[in-house]
Amino acid sequence: MISKVKKAQILSLLNSGRRVDGRTLDQYRNIKVETNLIGRADGSARVSIGDTLVLAGIKYEIGPPFPDTPDLGVLTVNAEFLPLASPTFESGPPDENAIELARVIDRSLRKAEAVDLSKLCLVPGKSVWIAWIDIYVLNHDGNLIDASALATSAALLSSRIPQADVEEERVKVNYEDKVPPPLSKMPVTVTIAKIGDTLVVDPVLDEEEAADAKLSLSVVEGKLCAAQKSGEGVFEVEELQKAASMALSKGEELYSYLKTLAGGT
Amino acid sequence: MCDTLPVYFKDWDVVVPGELLAEGNYRPGSNVYKEDGKLYSNAVGILKFNRGVVNVVPLSGPYIPKVGDLVIGEVIDITASSYVVDIRAPHVAFLNASEASVKPLNLHEEDLRKLYDVGDMLVAKVISFERAFNPSLTCKEKGLGKITKGSIIAIPAVKVPRLIGRRRSMISLIKSETGCEVVVGQNGYIWVVGENPEDEDLVAEAVRRIVEEAHVAGLTARVMQMLKNKKRKKS
Amino acid sequence: MGVCLEEYQLGEGKVRLNMAGEQRRLISDDGVRHDGRRPDELRPIKMSVGVLKNANGSAYVEQGNTKILAAVYGPRSVHPRHLAYPDKARVRCRYHMAPFSVETRKSPAPSRREVELSKVLREALSHAILLEQFPSTAIDIFVEVLEADGSTRCAGINAASLALADAGIPMKDLVAACAVGKVDGYLVVDLTDLEDKNGEVDMPFAMMYGKRKVTLLQLDGKLSYEEFLKAVDMAVVACERIYMMQKEALKQRYLTLRKSIEGGGST
């Protein structure tokens, strides 16, 4: 909840094209991406956007495929909003916001076809690689989705999957020699908040709380691949168009943080 | 007056939320809101114009208490100093011991339960109400208090005005044709006391008719006809 | 193992179209869909209002084989008290699928998908309600999917709007919803389950049509910017048709009775 005074202040600044922290309407906060921080994880990345801090970890495990896709590997995304990240987060199972975030990122990866699941199959119907992606929110200062999405993509790009040999349906895993996983284009997600009548990119926490609604748009190779409107507010049709266009152009910028990683496909 | 300003519906039309009713200098009445000079309905209801005011009489909706409303409710709990009464409003109502009866209750000597117990139906008046809080009731007037005989009919609160009728025409008609005492709670509970159960049933039938046909003009005449027919059949 | 994996096993994978494992085309060369519809055609839609006795408002909607029952209770008091908002009503929404509503029986326990959709539906409907009129109360919306054949969240929103209006809860406008998808390269409206699972794109969309305000937008699949604009246009047109049907459905129960009374004479 945001105080009326703060909200009024944010709105009046926006009316003169300024934001609380001096950014322009379409500017991201300072972004930092670091990878390979957690030795025991197969892939990891820590992303900060301003003071928002998210850690993503990847573990590859062998397990059964889904019954209706016996020859595809499994990708699963889970997010935890840790209680230490914000006075408003409570301990317990993921709430609707954490579940929504995980599912939005999952959809963006799936539709971008970022991970070639067919190459993760070992013994059809019995054994496949499962990519467990866990998103850990460490500090909430707004725009958890973009930070989490970037951390996920960075973790995947820098991850290494063990090699497996399949002999007569028996799988032998070589944990020593790990190789890059079968990845193709990574999506990036751009979140735009609507505050009053203004659209701003990368809302900081105060802006998020003052916003009526947000639109998170995932882009890959110049196309939209996922979108999620959240919040109880509304958008005009023209604002949807504007947001899509903003996301496509900012996406390029975000993508530059991933390009240097693991050959950056 | 406002005759030349655009109006998109006429009296007695059924309108729905978001429907554009009129434009211009009309004033928004019940269940109507004005935006950019246009008047819209916010409920499913019947359009009624009244001297430049656009009203929508809703066909369903919650009971919103008003100070002075006569209501009928059920005691659902008793605290140390008050009764908790369900008056079918979004919030339960409180009847403080000090307002519970014309004769003052001595809390030190008497148990609240002696006067009204959980499950009792009461006729009361709303003495205070702020939207965010619970309404307060009083039974401190003559005619208010516990209901001990007769029967109770429940109808949607929004249909109560129709049941009462313009200048009480409908309710007077029912009372005179059936010979029953009828107390109408603004919250949609109706207390009927008749000489015999058949008379009370007749009231129930008239009420049912009114609730079902509230949106069709000429209701008073139809109810009168129905009551006279039933009486003829009886004799 | 978490709740996560359970999720996907339950009907979110790809559907085999025939035993040979070959993919049948979902749309013919002249744009006829697997169920005979044109790309911009809605399925047969049925709407009834006031179908449950106890709920303050209710509605039943069918869109093709998708069957949704929605009910509204409220405004009513919130328990525990600290959950109430002092200045407006709190909207709570539960989207739930019956175990027998899908091909492979679904456990009745709320899945992650149902948690997300409950939030999405709440956010699609809240703005339409005049919440400030009922501070410190709750408005509870229940959407039950009885049979799922695509676009359940959209049909759910259509039903919930009707249920809210039936309950007499003051609303700025009705909310109409429709999903647009892409199937074999064609943009289509009102997806069936087959089209959703085997198509390239699913874009659920809802708006307060009279006010032209979008309350729900999700996208699952690739669309170019131009395709996105076209898809939104198609969604708006589809929503208009649904909105008109919702208005009809709300008025119908009163108008039929009125006609019979005014036409047939009194009893």
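Two chains are in contact when heavy atoms lie within 4.5 Å of each other. Keep that in mind as you look through these close-ups of a predicted model.

**Figure 1. Which chains share the most contacts?** There are 2 pairs of chains in contact, and the pair formed by chains A and C shares the most contacts. Chains A and B, on the other hand, do not touch. Their nearest C-alpha atoms are 16 Å apart.

**Figure 2. A:Asp21 and A:Arg23 meet in a salt bridge.** Side chains of opposite charge can pair when their charged atoms come close. Here the N to O distance is 3.0 Å. Are the two partners buried or exposed? A:Asp21 has a relative accessibility of 39%, so this residue counts as partly exposed. A:Arg23 has 6%, which means that this residue counts as buried, the cut-off being under 20%. Over all chains, the structure holds 49 salt bridges.

**Figure 3. A salt bridge links A:Asp106 with A:Arg110.** The closest N and O atoms of this pair are 2.7 Å apart. Both residues belong to helix α2 of chain A, which covers residues 96–112. Because they are 4 residues apart in this helix, about one helical turn separates them. A:Asp106 is buried at 3% relative accessibility, while A:Arg110 is partly exposed at 30%.

**Figure 4. In chain C, C:Asp166 and C:Arg253 form a salt bridge.** Look for the closest N and O atoms, which are 2.8 Å apart. With a relative accessible area of 10%, C:Asp166 is buried. C:Arg253 is partly exposed, its relative accessible area being 35%.

**Figure 5. A:Thr189 is a buried residue in strand β9 of chain A.** The strand runs over residues 188–195. What is the relative accessible area of A:Thr189? The value is 3%, so A:Thr189 counts as buried. Its side chain joins that of A:Ser218 through a polar contact of 3.0 Å. Leaving aside residues up to four places away in sequence, A:Thr189 touches several others, including A:Tyr28, A:Ser108, A:Ile145, A:Asp146 and A:Leu254. A:Ser218 is also among the residues that A:Thr189 touches, together with A:Ser216 and A:Leu217.

Notes:
Residues are numbered from 1 along each chain as its sequence is written. Chains are lettered from A and ligands numbered from 1 in the order in which they are written. This is a predicted model: local features need pLDDT of at least 70, side-chain atom pairs count only at pLDDT 80 or more; totals for chains, interfaces and linings use all residues. Side-chain values use heavy atoms; hydrogens and water are left out. A salt bridge is a side-chain nitrogen of Lys or Arg within 4 Å of a carboxyl oxygen of Asp or Glu. Buried means under 20% relative accessible area, exposed over 50%, partly exposed in between (1.4 Å probe, protein chains only). Helices (H or I, at least four residues) and strands (E, at least two) are DSSP runs, numbered from the N terminus. A polar contact is a pair of N or O atoms within 3.5 Å; within protein, one must be able to donate a hydrogen and the other to accept it, and residues adjacent in sequence count only if both atoms are side-chain atoms.
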